[in-house]
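Dear colleague,

Please find below the structure that I am handing over to you. My findings follow directly after it.

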Amino acid sequence: MATFFGEVVVAPSRAGLDEEEEAQDESPEDSEIRRELQAKRAVQIQWSAAEPSGCSRLVVAIGRNAAAFLSSFILDSVCWEVVGVVKLWNEWCRTSSTTNILPTDSFCLFYRLISDPTVLLCQCSCYVAEDQQFQWLEKVFGCMQKEGLQVTILSTCPVADYKTQESTLTLASPFLKALKTKEFQEQVCCPLLEQPNIVRDLPAA
Amino acid sequence: LLQPAVSVGNVGQLAIDLVISTLDMTKVGYFYTDCLVPMVGNNPYATAEENSTELSINAEVYWLPSKKLVVLQIRSPFIKNKYRPFCEALLSWVKGSRCARVVVLSSSHAYQRDDEQLLGTPLRYLLTPDLEKAVGGLMQELNWKEMEKVAAYPGISDTDKVLHIPGGGITKLLFTESCSKGIQMAVLLKFCSEGDNIPDAFVLVNYLNEWLQLVKSEVNSSSQWKIPSSWRLLFGSGLPPALF
């Protein structure tokens, strides 16, 4: 596409970038750099004791708002103990490695209810990049049994992203919407998310 | 197997939406893959309250036994460096499930056309050698135009001609891999630009219909296709009245 000054630029496309040029002619140095970068972006999970194999309920809060909700209303140092931490790095954030986490830090921690160790909470306020989402998923759910496990995911999206017939300005926000799998038989406390709205990123994964 | 490539204007994907919605195809499975950006939503082809709550994700497979048709729909972009792994996994599935032929719906940047391509139909096709033997004659009868090859180094007259599909996403990779693996594959693509690509999707799906005859062709070329409910509000929510 030609611009005002005559130079040709690639038009941005919803389909993403063309990868054909990148895939060919990779020198050994480039491969090495790519491998190192992939290793740096690897998601690591550390459990303080054994891996949580007998989990019956898992609540995952993704994003700062959801994490803050858990901190304000659910978590406290009497009933909950930290049992795991996820460490990752990407261009947007690095998870904090200190033990005294501030609300403004990026972190991803797992808590267990002391009175019922089968209940786990995950607070994930760091941004998990596209290529790390699948890894995160596999590492976290890989060590849990799927039978009898109920997972609840809490997340937030901007109201401006919500598609509806009227303008979003007239909506009474904030409001709750839900998505659920066929297997979830209990009552949902809010209306289901209508088409054409979708959920992206880690909550979707 | 009918599938889209995630390409400029998402035309292939929109056309596939029309096919699935019109033929009321049944979902039979999905691809669990790390190659596509995750997304989830409720049933995009819902027609009533009852069938609107089924979850839908980024790569799902639909089936219509009466036409021996399997359709793969891809709903999100590829993650960087994942084109090749996805193509390999897909083609090995195609071979393993003994699928007879694959049709890929795609598109290419309209602004990259040369002078000759600017005239005439914006639709093109490609056939792998194995499929050429079977349907090459039919393409001649339908008066379809094959995608032209371009010079590897434009401006230099003596160079080899290569296949170039700018904005086509995985189309070229799928096609070249299918050629070398002996898979019968056809690519149907349209030259277009980003924007409201719904008309492009109708043109592409009618082009496909000329060959596969999935629905009865009618004079009014868009009325035989059913628009899915998820196409509502494609360009955002309603406008605030205070704007005026």
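Asn81(B) sits in the loop of chain B that runs between strand 6 (69-74) and helix 2 (83-96). In this predicted model, Asn81(B) has a positive phi of about 70°, although it is not a glycine. Most residues other than glycine have a negative phi. Asn81(B) counts as partly exposed because its relative accessibility is 37%.

Arg98(B) also has a positive phi, of about 55°, and is not a glycine. Its place is the loop between helix 2 and strand 7 (102-109) of chain B. With a relative accessibility of 75%, Arg98(B) counts as exposed.

In chain A, Glu91(A) and Arg41(A) form one at 2.6 Å, N to O. The two residues are 50 residues apart: Glu91(A) is in the loop between strand 3 (80-87) and strand 4 (108-113), and Arg41(A) is in the loop between helix 2 (28-40) and strand 1 (44-47). Arg41(A) counts as buried, at 10% relative accessibility.

In chain B, Lys27(B) forms a salt bridge with Glu54(B), with the closest N and O atoms 3.5 Å apart. Lys27(B) lies in strand 2 (residues 26-30) and Glu54(B) in the loop between strand 3 (39-42) and strand 4 (55-57), so the pair ties together parts 27 residues apart in sequence. Lys27(B) also forms a salt bridge with Glu60(B), at 2.8 Å between the closest N and O atoms. Glu60(B) belongs to strand 5 (residues 59-64), 33 residues from Lys27(B). Salt bridges with shared partners join Lys27(B), Glu54(B), Glu60(B) and Arg75(B) into one network.

With kind regards

Technical notes: Residues numbered from 1 in each chain as written. Chains lettered and ligands numbered in written order. Predicted model: local features only at pLDDT ≥ 70, side-chain atom pairs only at ≥ 80, totals over all residues. Heavy atoms only, no water. Helix = DSSP H or I, 4+ residues; strand = E, 2+ residues; numbered from the N terminus. Buried < 20%, exposed > 50% of the residue type's maximum accessible area, 1.4 Å probe, protein only. Salt bridge = Lys/Arg side-chain N within 4 Å of Asp/Glu carboxyl O.
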